[in-house]
Amino acid sequence: MNQEWVMALLTLTAMEIVLGIDNIVFITILCAKLPEAQRALGRNVGLGLALGLRIALLLSVKWIMGLTEPLVHVMHRGISGRDFILLGGGLFLMAKATFEIHHKLEENTEPEDVSGAKKVKSQLGSILIQILLLDLVFSLDSVITAVGMVSDIMIMVLAMVASVFVMILSAKSIGDFVEKHPTVKMLALSFLILIGFMLLLEGVGHHIDKGYIYFAMAFSLGVELVNMKYRASRKLRKSI
């Protein structure tokens, strides 16, 4: 195992973790709708599905590369299978995040029906289907990035396993933090709309460097953390 191999593995693992941020935020927000006893299962299965999809796509590299070939032409521009997936994923992500924001603002007051396990199982299945659909979009982007960075498929697989393992370890902490702070949840949902819009732009051929998106997310989160600190200190002063 030479130094170049290790550096490639570490670099790709770090890149996969960064690319998985939006995925894990989406999964934790969805799983928050489950009963507390089901949330860890939902998060772990969702991330497991993401890992399985990524490895399956890696083993189908030739097919993945074929997705970039135009299938149809609209106004002298070719639209590939990848473009269709990005367009569909972007629309789905924007619609889902908008619905969640609306639900949060309206605060549905109907009592939850927890009378039977069948409904819980159905809810879990529905959420896993939604996670699987978005995993396909995020995994496609992740695999294309991995193929562009390294040529050794073993490095790609190990990097993806390591990144998903890190996400599984951090998923509960992220989920608890988001649920504890409603403003952070609203901020996360707003950025999911932004990511969905970015996917739409990617689907129509306008590439946007994700670094700008992640910088905006980090900056906004930093501002919100300062606000949270300010509100906590103000509350403490009032209580004295």
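**Figure 1. The meeting of helices α2 and α3.** The axes discussed here are lines fitted to C-alpha atoms, for helices over the stretch in contact, and the angle between two of them runs from 0 to 180 degrees between their N-to-C directions. In this predicted model, the axes of α2 and α3 cross at roughly 145° and come within 9 Å, and their crossing is right-handed. On the α2 side the contact is made by N23, I27, T28 and C31, which meet R39, G42, R43, G46, L47, A50 and R54 of α3. Sorted by class, the residues of this contact comprise four nonpolar, four polar and three charged ones.

**Figure 2. The largest nonpolar core.** This core holds 47 residues, and those touching the most other members are I29, L93, I131, L192 and I195. Two or more residues each are given to the core by α1, α2, α3, α5, α6, α7, α8 and α9, and the largest share, nine residues, comes from α7.

**Figure 3. The surroundings of I195.** Leaving aside residues up to four places away in sequence, I195 touches D22, L93, F138, I213 and M217. Both I195 and L93 are named among the core residues that touch the most other members.

**Figure 4. The protein as the setting for these views.** The protein has nine helices and two strands, and from the N terminus on its elements follow the order α-α-α-α-β-β-α-α-α-α-α. Of its 240 residues, 38% are buried, while the protein exposes about 13,800 Å², with carbon and sulfur atoms supplying 68% of that area. Among contacts between residues at least 6 apart in sequence, 80% join residues at least 24 apart.

Methods:
Residues are numbered from 1 along each chain as its sequence is written. This is a predicted model: local features need pLDDT of at least 70, side-chain atom pairs count only at pLDDT 80 or more; totals for chains, interfaces and linings use all residues. Side-chain values use heavy atoms; hydrogens and water are left out. A nonpolar core is a set of buried Ala, Val, Leu, Ile, Met, Phe, Trp, Tyr and Cys residues joined through side-chain atoms within 4.5 Å. Buried means under 20% relative accessible area, exposed over 50%, partly exposed in between (1.4 Å probe, protein chains only). Helices (H or I, at least four residues) and strands (E, at least two) are DSSP runs, numbered from the N terminus. Contact means heavy atoms within 4.5 Å. Accessible areas come from the Shrake-Rupley method with a 1.4 Å probe; for residues, only the protein chains shown count as cover. A crossing is left-handed if the near helix is turned anticlockwise from the far one by less than a right angle, and right-handed if clockwise. Ala, Val, Leu, Ile, Met, Phe, Trp, Tyr, Cys and Pro count as nonpolar, Asp, Glu, Lys and Arg as charged, and the others, Gly among them, as polar.
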